[in-house]
Each structure stands twice: as C-alpha cells, then as structure tokens.
Amino acid sequence: MARTLLITGAASDVGVELLKNIYSDYTEIFLQYRNVNEALLKVVNGIKEDSKPPHITLLQSDFEDEARVDAMINAIEQTRHIPDHIIHLPAPRPYNQRFHKDNWENFDRGWDISVRSIVKILEKFIPHMSRQKYGRIIFMLTSCTKGSPAKFQSSYVTVKYALLGLMKSLSVEYADKGITVNGISPEMMDTKFISDLPELLIEQNRASSPLKRNVKLDEIIPIMLYMLSDSGAAMTGENIAITGGIIRH
C-alpha cells in the first residue's frame with residue numbers, strides 16, 4: 001500500500017539519518033525544515049537517483065510563526081497526499097541556565113516550535129488516519145522524561161514533558177482507530193543539537209555512561225523503524241528510552 005510520510009525537523013541530524021533509512025518505504029515524502037543544509041540536500045539528491053524514488057517535497061517553515069505552520073499544512077493538503085506517517089523532531093537546542101535567570105520567551109519559543117506545531121498538524125491530519133483506520137506517529141522526546149532530568153534546563157524539559165503528555169493522551173484516544181503514537185527518548189547524542197551545551201557537561205555525560213560514550217544516531221533509527229512498521233501495530237503510548245545504560249531515577 002502506498003504510504004505518505006511527513007518528517008518535521010528533517011534537516012536535523014536525526015531527520016537526515018532517518019530519511020536515508022526509510023525513504024524506500026514511501027511513495028510520497030514531505031520534509032519540513034527551518035534552515036536547509038548540505039546534508040539534507042545530499043540525501044535528497046541521492047534518493048532521486050534511486051530506480052524507484054518517492055516524490056519528495058521540501059517545505060521551508062519556521063514553526064515559531066503560526067501562520068507559517070498553517071501555510072505548510074495547506075500546502076500539503078493541496079497535493080491531496082495526506083500523511084499517514086508523521087515523525088515530529090523539532091525543538092530549540094538545550095542550553096544551561098538557572099531557572100530564575102531564564103525568561104518566559106524561551107519557554108514560549110519551545111512551546112511554539114515543539115508543541116503548537118504538532119497540535120495543529122495532527123488536528124488537520126489525524127482525522128484522515130482515523131477514517132482509514134491506520135496511522136503512525138512518533139515524537140522525539142528525551143531521556144530527561146525517564147527519570148531525574150539534568151539541572152538548569154527547565155524550559156527544554158518542560159516542553160518535552162508537554163509532548164509526552166500529548167503523546168500519551170493521543171495514544172489512548174486513537175488506539176481503536178489503528179493509529180499508534182509513540183515517543184523515543186535517547187540519552188545525549190553527539191550531534192549539532194547539543195552544540196549550545198557546555199563541553200564539560202557533554203564530557204561528563206560520556207564518562208557517566210557504562211559505554212563511556214554518548215548514544216549514536218544509528219542506535220535509535222531501528223527503534224523508530226519498528227514503530228513505523230506493521231510489526232509495531234501493538235505498540236502505542238510507549239516512551240522508549242535509549243540511554244547506553246545510564247539509569248535515571
């Protein structure tokens with residue numbers, strides 16, 4: 001059966017790596033990005049050389065701007081290819097800041113980028129999934145939702161917990177519609193996403209891992225592939241941690 005995929009935050013390291021591994025399963029792919037980069041374009045151009053490439057639409061949209069989110073949704077609707085697989089990755093980069101020195105604008109920005117955007121997307125597209133009694137939705141969460149979070153990251157952690165609550169709520173509401181809604185919560189990964197964190201903190205995370213390293217991108221992709229597969233039909237409402245052995249209490 002022909003499937004349509006939407007990846008939000010497709011220019012992220014996770015988005016690019018995921019695209020390389022799953023594109024052949026789809027006939028239509030929408031890739032949302034805020035700032036395109038060479039890595040994403042290289043993968044997209046490589047896919048076009050495949051013998052049976054999917055049709056790929058690149059969608060530039062800044063999720064801080066609600067009107068831009070609406071415009072992206074409308075652009076997808078106009079193609080008449082409605083996504084039945086949605087992978088939601090966007091989040092502001094985490095940073096260290098004591099709560100009383102932070103400001104509401106950072107909480108608000110995280111809410112707009114991570115939460116409001118996917119609420120509006122799913123409000124529009126989840127009815128299609130319900131009618132066809134099939135859908136797969138994945139939220140990128142964080143290991144901070146699986147126990148005690150890191151200090152000095154209150155805005156990041158708050159937004160991720162909001163996404164966790166949304167994921168749990170949707171999984172219950174739509175389970176009987178053949179729609180699975182799951183989250184994946186990796187420990188720190190060596191990607192550009194953590195570039196605003198102090199290097200000392202990154203090194204401490206590596207040192208505290210039984211593996212003596214951070215989680216690798218290719219260690220989370222197979223879990224996401226399972227969540228999207230027919231074999232994953234019985235998994236919903238789960239927040240899967242990939243921590244390299246770090247236990248959060």
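## Basis

The model is predicted, so local features need pLDDT of at least 70 and side-chain atom pairs count only at pLDDT 80 or more, while totals for chains, interfaces and linings use all residues. Residues are numbered from 1 along each chain as its sequence is written, and side-chain values use heavy atoms, with hydrogens and water left out.

Helices (H or I, at least four residues) and strands (E, at least two) are DSSP runs, numbered from the N terminus.

## Helix α1 and its packing on α7

Helix α1 spans residues 13-22 and helix α7 residues 221-228; the two pack at an angle of about 60°, with their axes 10 Å apart. Axes are lines fitted to C-alpha atoms, for helices over the stretch in contact, and angles run from 0 to 180 degrees between N-to-C directions. The pair α1 and α7 is therefore oblique (under 35 degrees is roughly parallel, over 145 roughly antiparallel, 65 to 115 roughly perpendicular, and the rest oblique). The crossing of α1 and α7 is right-handed, a term for a near helix turned clockwise from the far one by less than a right angle, with anticlockwise being left-handed. From α1 the contact (heavy atoms within 4.5 Å) takes V14, E17, L18, N21 and I22, and from α7 it takes I221, M224, L225 and L228. These residues divide into seven nonpolar, one polar and one charged. Here Ala, Val, Leu, Ile, Met, Phe, Trp, Tyr, Cys and Pro count as nonpolar, Asp, Glu, Lys and Arg as charged, and the others, Gly among them, as polar.

Seven of the ten residues of α1 are buried, and the helix is mostly covered. Buried means under 20% relative accessible area, exposed over 50%, and partly exposed in between (1.4 Å probe, protein chains only). The buried residues are V14, G15, V16, E17, L18, L19 and I22. They pack against β1 (4-8), β2 (28-33), α2 (38-48), β4 (85-88), β5 and α7.

## Helices α3 and α4

Helix α3 (residues 66-79) and helix α4 (residues 104-132) cross at roughly 30°, and their axes come within 10 Å. That makes α3 roughly parallel to α4. Their crossing is right-handed. On the α3 side the contact involves E66, V69, D70, M72, I73, I76 and E77, which meet R116, S117, K120, I121, K124 and F125 of α4. By class, this contact has six nonpolar, one polar and six charged residues.

Also in α4 is D112, which is buried at a relative accessible area of 13%. Beyond its neighbours within four places in sequence, D112 is in contact with F63, E64 and S117.

## Strands β5 and β6

Strand β5 (residues 135-140) pairs with β6 in the parallel sense over six bridges; pairing requires at least two DSSP bridges between the strands. I137 stands opposite V181 in β6.

Strand β6 (residues 179-186) is mostly covered, with eight of its eight residues buried. One side carries I179, V181, G183 and S185, the other T180, N182, I184 and P186.

## Loop residues

The loop between α3 and β4 holds I82 and R80. Leaving aside neighbours within four places in sequence, I82 is in contact with T4, E77, F125 and H128. R80 is not a glycine, yet has a positive phi of about 65°; R80 is exposed, with a relative accessible area of 74%.

K212, in the loop between α6 (199-208) and α7, is likewise not a glycine and has a positive phi of about 60°. K212 counts as exposed at 58% relative accessibility.
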